[in-house]
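Student: I have a structure to look at and would like to learn how to read it. Could you go through it with me, please?

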Amino acid sequence: MTHLGNFALILAFSLSIYAAIASLIGAREKRVQLIVSAHRAVYMVFASVLLAVGCLVYLLLISDMNVEYVASFSNKTLPIFFKFTFWSGQAGSLLLWSFILAAYAAAVTFRYRNHHTQLIPYVIMTVMITQAFFLALNLWSANPFNELITQLPDGSTQPFTAADGRGLNPLLQHPAMIIHPPTLFVGYVGFAIPFAFAMGALLSGQLGDEWIKLSRRWTLFAWLFQSAGLMMGGWWAYEELGWGGYWAWDPVENASLMPWLTATAFLHSVIIQEKKNMFKFWNMTLIMATYFLCIFGTFLTRSGVVSSVHAFAEGSIGIFFMSFIILGMTLSAMALWHRRGSLKSENSLDSPVSRESSFLFNNLVLLISCFAVFWGTIFPVISEAVTGEKIVVGAPFFNKVNIPIAMILLFLTGVGPLLAWRKTSFDTLKKVLLLPSLISVIGGILIAIFLTTHFYGLVSFTLCIFVTAAILIEFYKGARSRMKSQAENFLVAIKNLTWKNKRRYGGYIVHLAIVIIFCGITGQVFNYETKTDIAAGEFHVVKGYKIVCKNIGFETTDNYDSQFAELEVFRNDSRVASLRPEYRMYKASQQPTTEVALYKTPLEDLYVVFAGLDDSGKRLTLQIFVNPLVSWVWVGTVVLVLGTIICLLPGLQEDRMEIARKKETVNENA
Amino acid sequence: MKMLNLALFLLLNSHALPAQEGSAHTTLLAGSQIAFFNDVSQELICQCGCHLVLNSCGHVNCPSAVPMRSKIESMILEKKSKEEILSYFITEYTFEGKIIGRKVLSQPDTKGFDLVAWVLPFALFLIFIFVVIFALKKYSKKNPTLTETLIKMSPEETKRIEEELKKMDSQ
């Protein structure tokens, strides 16, 4: 099976090189047969990578301990559920990259097989170059099909079979780890597609709006998954790591956040290009930055250059990544520079107070935020290079630098949509800002009196009220207009309003989701935590929760040994939950983990960690956290996903254009 | 320079999220001592390999976090100041037989090369704002504004464009 896996990888690598070359020659010499052949090669690349994935999953399922990857990241008693997570180690996660990219490539090729014949071959070429790079890594740097070998005293080697594997890292044995990496990767890898469209436009000279329009849904799709993946990572950290939080500014979390920030800037600024033919050069730069930040993020994770809990391994892989990034950036920058004359804006900004300017400022703030994250992440390496001493840049730095930036961004989220295109006069500005400002000031005063005077807490909640008010007023105005013109009731008007202008109102829903997430994050200012020792039959009261310890028990499974506590939680003398915090020692890896017990309500989470037993085994230590508004972060994510899906749905005008295009194609063929 | 110092002071002393009441890591301290304990713990990095601030390491019986927290507790009970505690961890505290040095701190210092870490993002922010304002001014000088263009148009053309712009605004 390892031979078949290797064969599939070699085949996929060769075909991706062929597809890239055939696309290039086909496009330059207008040889349709070569282009069609490249399309077939793309489908075959997908089939080959799928075969390689199938081989690896099979090896994991049968626990083939001849294979180094299986012995390193699995073991015989690992629940079958987790054996499908072939992305647990470096080689497997790179294979997942290749697999998702191959799926995207096949989808793009199939979708546009008969259209945009000048642009698409270059798009395919760009994607296939990336594909070949990742397959090369799998073949020559991190091969998941390497067999275990042992060295004999005479220096020769022979195959070796491990008695059992080291097992999957216990922290990864969590449901979120089944879906978090693929979700995040669908986002991460997905940004290769709009980048490929941008490169396609540069190389083919098709520099109009075509590439923007064609790549918009691919970008949104990738952004949707990147957002969901980021939040799922937070959910995993919150439920598995046992420190009461969900975001620690770990280098790999940062690596996922950076392309998300530039992609968010890109999604906003392409609207200006579509509407006003401006920012063409800028949009190219943004999508290039997003793509290379994705590759850089993968490099950060795999090279171990900046230490992280996510870092897989150090080794030669870093040099491959750096070479690819430097070469790719140089070639992209050259192509961009070569076409700079055709990328000039066809319009200008009429006023600093306009929708266009607000988008420009939004881009600025998002980029600064991205730079601050990037800078903090790589500063230890820079510091070591300059001073010879490696320092640590932890969460306090990122919080202090990014929170003020985030506040500005939140403010712009509220103001931007209120401004008119082209120019907003001072009177109009006063008119549109008056009501949301008034509501937020009153809200802020009430929060300061009744809730908190914590500076950032107060600013954040006040801005959240401001943005919410601005969005709701926009919905109300639109609905009222429909109620008058179409004689619809309010709810029908809201529905139709959103349905008939999905991009605009879907975008507002996404903004609302961001506000909900901000509220959830700001809830941290009310966090409470405590530590207590307790025995069976005793209780402890925390913030109105009476926690009664009913029992302390022990359990053994094939995979781990466990100590646990059975707790009952009372609020106002009523039992509200039974909790079972656990301490596990995994047998194969001999690594301990804590299984957090959670009682969730819309307003706060009671988060209980089993922190240890005393020597008698009768008194246990509990760490108890009361974390307000955490559910809002997850609810906000769901709203964000829904809003983005609305944006992704085709609009009426686009439907009409698509039908017209299809008719045109049918007529041409006839 | 005074302005820079003031800005840095405000930035570094702002209570950025997360703020919290109580502590899941000490039972010896109470009241304001806990707040002080949390404050100091935020400034230090656990050395077990989790790369989290001391307050956040969730490992049960962590070989690094547990003794570090105990040391902070004892130094607080000895009425040591924050600077004294941090200085002790940089210059004297050992983990696995080695003095950790400045790697024990969770954020860059505000002196020497470390200052660049704090200043650069905000300096870049100011430069970007300057560039955007400059670009706005430059564009509005070089290119006629839409309003100026409209003046040169016939009333019919003006009306048509105004209608199209209105339509665009409502999208």
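Tutor: Gladly! Keep in mind that this is a predicted model. We can begin with A:Ile62, which sits in the loop between α2 (32-61) and α3 (68-73) of chain A.

Student: Is A:Ile62 buried, partly exposed or exposed?

Tutor: Let's count its neighbours. A residue is buried with 20 or more other C-beta atoms within 10 Å and exposed with 12 or fewer. A:Ile62 has 13 C-beta neighbours inside 10 Å, so it counts as partly exposed.

Student: How far apart in space are A:Ile62 and A:Lys83?

Tutor: Along the sequence, A:Ile62 and A:Lys83 are 21 residues apart. In space, going from C-alpha to C-alpha, the distance between them is 9.3 Å.

Student: Where is A:Trp249, and is it buried or exposed?

Tutor: A:Trp249 lies in the loop between α9 (210-240) and α10 (251-276) of chain A. Its phi is positive, about 55°, although it is not a glycine. Most residues other than glycine have a negative phi. With 21 other C-beta atoms within 10 Å, A:Trp249 is buried.

Student: And B:Lys79, is that buried or exposed?

Tutor: B:Lys79 is in the loop between α3 (65-77) and α4 (82-91) of chain B. It is not a glycine, yet it has a positive phi of about 65°. Because B:Lys79 has 7 other C-beta atoms within 10 Å, it is exposed.

Student: What distance separates the end C-alpha atoms of helix α8 of chain A?

Tutor: Helix α8 (residues 192-204) of chain A has 13 residues, and at 1.5 Å a residue they should span 18 Å. The expected span uses one less than the number of residues. The model agrees, as the end C-alpha atoms are apart by 18 Å.

Student: How many residues of α8(A) are buried, and what follows the helix?

Tutor: The helix α8(A) is largely enclosed by the rest of the structure, because 13 of its 13 residues are buried.

Student: Which element gives the most to the side of chain A that touches chain B?

Tutor: The contact takes 63 residues from chain A and 53 residues from chain B. Several elements of chain A each supply at least two residues to that side, including α14 (395-415), α16 (455-486) and β11 (604-613). The one that gives the most, with 11 residues, is α13(A).

Student: How many nonpolar residues does that side of chain A have?

Tutor: Let's sort the side of chain A that touches chain B by class. It has 10 charged residues and 19 polar ones. The number of nonpolar residues there is 34.

How values were computed. Residues are numbered from 1 along each chain as its sequence is written. Chains are lettered from A and ligands numbered from 1 in the order in which they are written. This is a predicted model: local features need pLDDT of at least 70, side-chain atom pairs count only at pLDDT 80 or more; totals for chains, interfaces and linings use all residues. Helices (H or I, at least four residues) and strands (E, at least two) are DSSP runs, numbered from the N terminus. Two residues are in contact if their C-beta atoms, placed from the backbone, lie within 7 Å. Ala, Val, Leu, Ile, Met, Phe, Trp, Tyr, Cys and Pro count as nonpolar, Asp, Glu, Lys and Arg as charged, and the others, Gly among them, as polar.
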